[in-house]
Amino acid sequence: MRKRSSRGQAALAVVAAAVLGVAGCDAGGGSSSAPKGAKDRASRPAPLWNRSPASIAAVGDSITRGFDACTVLSDCPEVSWATGSDAKVDSLAVRLLGVAGAAERSWNYAETGARVADLPEQMSQAAARDPDLVTVMVGANDACRSSARAMTSVTDFRADFEEAMRTLRTARPKTQVYVASVPNLKRLWSEGRTNPLGKQVWKLGICPSMLSDADDLTSAAVVRRAKVQQRVVEYNKVLKEVCAKDRRCRFDGGAVYAYRFDTDQLSHWDWFHPSKDGQARLAAIAYRTITAARPVA
């Protein structure tokens, strides 16, 4: 009999608890002051990735400076994919901040000729602005050396990029980072070599490891270009891996590398760097990556 009585009391306790839970009453008999959904929303942490950053700083190389997009062998930052003001480009800064906002709250610290070893100093300059977002496009000049042998090693490339990220994180732990992949240099050679003027400009020293002797199709030249291309693939692997370790970093998933630039998207001064059209395509890729609900796999 005692066992039955204990079981009955336990059952009554469970029923009473269920009734109180359904009624939504507290111990004093009052009702909850806020709906359950509102409480849940209030308790959720803010999203780690802000899809609408309010300020942007850009670091990197000649592509981000708009090199050869306006005049031969000259920077043209107003058409930069990251921070430019040109309406035809519709830069990332303009897309995210508007024309006035881009003019006031975006900064371009990229330098023509820069390699990944220059990135820590650029990051330091960018961090001083306390931006919500830093864009990174670097690596082409590490592959574009006097020869394939002179290319930056993958080990050094990783060390320099990690140092750049540490530099930013030490100063700005919450600043977001967008990392663009290195373009497919072999495709740029394939497209640009169809233009006689472009090949003449290449002789001035643009990416010799890939572009020198543009019409040379001997086995030695093929091997040389393949080495450069493979190094670019390895650089992109490093960018992806290092970025993946940082919760506030998004890699483009190889979108810039995969983009099939044609002659409309290449500078008509050197047939290698992006034209205004090409810069606009880079801006679109960056915008999609940054505003996506989830990072690219």
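Reader: Against which elements do the buried residues of α6 pack?
Author: This is a predicted model, in which local features need pLDDT of at least 70 and side-chain atom pairs count only at pLDDT 80 or more, while totals for chains, interfaces and linings use all residues. Residues are numbered from 1 along each chain as its sequence is written, and side-chain values use heavy atoms, with hydrogens and water left out. Helices are DSSP runs of H or I with at least four residues, strands are runs of E with at least two, and both are numbered from the N terminus; buried means under 20% relative accessible area, exposed over 50% and partly exposed in between, with a 1.4 Å probe and protein chains only. Taking contact as heavy atoms within 4.5 Å, the buried residues of α6 pack against α4 (119–127), β3 (133–137), α5 (140–143), β4 (176–179), α10 and β5 (249–251).

Reader: Which residues of α6 are buried?
Author: Helix α6 covers residues 154–171 and reaches 26 Å from its first C-alpha to its last, close to the 26 Å expected at 1.5 Å a residue, where the expected span is 1.5 Å times one less than the number of residues. An α-helix has 3.6 residues a turn, so residues three or four places apart point the same way. In this helix the buried residues are F157, D160, F161, A164, M165, L168 and R169.

Reader: Is W269 buried or partly exposed?
Author: W269 lies in the loop between α11 (255–258) and α12 (276–291), and together with V72, L73 and L204 it forms a nonpolar surface patch of about 370 Å² of accessible area. With a relative accessible area of 35%, W269 is partly exposed.

Reader: What distance separates the C-alpha atoms of Q200 and D270?
Author: Q200 sits in helix α8 (residues 196–202) and is partly exposed, with a relative accessible area of 47%. Although Q200 and D270 are 70 residues apart along the chain, their C-alpha atoms are separated by 8.4 Å.

Methods: Patches are made of residues with over 30% relative accessible area and no salt bridge: like charges are joined within 9 Å, nonpolar side chains (Val, Leu, Ile, Met, Phe, Trp, Tyr) within 5 Å. Accessible areas come from the Shrake-Rupley method with a 1.4 Å probe; for residues, only the protein chains shown count as cover. A salt bridge is a side-chain nitrogen of Lys or Arg within 4 Å of a carboxyl oxygen of Asp or Glu.
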